[in-house]
Amino acid sequence: MDIRSLCICEHVSGGFISSVLSEPEEKSLPMLSLVQSVRGSYRVSVDGSPDAYTGDMGVFVAPRQVTQRLTHIPPAGGIMEAHWVFLDVEINRLYKLDDLYDFPVILPAVYNEEIFTLIRAIRSEADFLTRLPFLHRMVAILLDCATPKNHVPEEITRLRSYVENHYMHSITPEDLSRVLHCSRSAMYRRFNEYFEESPSHYINRVRIRRAQFLLTSTDRPVGEIAAAVGIPDVFYFSRLFRALTGETAGGYREKHR
């Protein structure tokens, strides 16, 4: 695809130091993940792929909204250190970067040192504008390693983009029908064909994934997070969160932070 515009709509960076060999954990994030094990290793599977190991300084990539299965493996008798950047990158004002490209689970080792420098720079710069050159270089590395996907129907992309840009508000069947320029009954039929689930279930999964991200990356109260993802009824949010994740929101924050 000819890239005419590229927007880094959102990014989050972070890191940790730990001596704990973790139990395997599963999660799914609303942004493209790029994670580097500075010391120690990750055992990682992305969207059901075979287990892979990053090793020291290795980097794994996981598209948004797919299941990551991770285990932290500190070096023998030592401390594990890792850092990351999560990216929301929009191409040509319509597509997300991982709508268009597949990425290797483990990036080629030739990029490890540069990615280490980029993430450190992104985390140290307080101003968004001064972080932009480092973020753009990171996207360029991802594109160097990417494989273009087979054609994705534009209707699927429009639906995904609409839900991901409006999940914080009420989304009605009529809204989705307008996105597809079709009747309500045709919208339900196409939605189930594309995503193999109902619109309400898909929208709720997007909302809960965003809530999972906010629970582990911010200190915002659960009620505030519920409202931020479009579910102002905190009691309904709590029931839905547990139904989709098997954990309470507070328990998820404590376990995965």
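The model is a predicted one, in which local features need pLDDT of at least 70, side-chain atom pairs count only at pLDDT 80 or more, and totals for chains, interfaces and linings use all residues. Residues are numbered from 1 along each chain as its sequence is written, and side-chain values use heavy atoms, with hydrogens and water left out.

**Exercise 1.** Work out which residues of H6 are buried, and what covers them.

*Solution.* Begin with the helix itself, a DSSP run of H or I with at least four residues, numbered from the N terminus. H6 has 12 residues and spans 16 Å from its first C-alpha to its last, close to the 16 Å expected at 1.5 Å a residue, where the expected span is 1.5 Å times one less than the number of residues. Next, pick out the buried residues of H6, which are Ala186, Met187, Phe191 and Phe195. These lie on the same side of H6 because they cover an arc of only 130 degrees around the axis, the arc being that of the directions from the helix axis to the C-beta atoms. Then look at the cover over these buried residues, which includes H4, helix H5 (173–180) and H7, with contact taken as heavy atoms within 4.5 Å. Finally, step past the end of H6 to Glu196, which follows the helix and has a positive phi, near 55 degrees.

**Exercise 2.** Describe the largest pocket by its volume and its lining.

*Solution.* A pocket is an open set of points on a 1 Å grid over the protein atoms alone, with protein on both sides within 12 Å along at least five of seven lines, and lining residues have an atom within 4 Å of a point. The largest pocket has a volume of about 630 Å³. It is lined by 27 residues, of which Asp47, Arg64, Val66, Lys149 and Arg160 are the closest to its centre. Among the elements that give two or more residues to this lining are helix H4 (154–166), helix H6 (184–195) and helix H7 (199–217). Sorting the lining by class gives 13 nonpolar, 2 polar and 12 charged residues.

Terms used. On a 1 Å grid over the protein atoms alone, a cavity is a set of points where a 1.4 Å probe fits but cannot get out, and a pocket is an open set with protein on both sides within 12 Å along at least five of seven lines; lining residues have an atom within 4 Å of a point. Grid points are joined across faces, edges and corners, and a volume is the space filled by probe spheres set on the points. Ala, Val, Leu, Ile, Met, Phe, Trp, Tyr, Cys and Pro count as nonpolar, Asp, Glu, Lys and Arg as charged, and the others, Gly among them, as polar. Buried means under 20% relative accessible area, exposed over 50%, partly exposed in between (1.4 Å probe, protein chains only).
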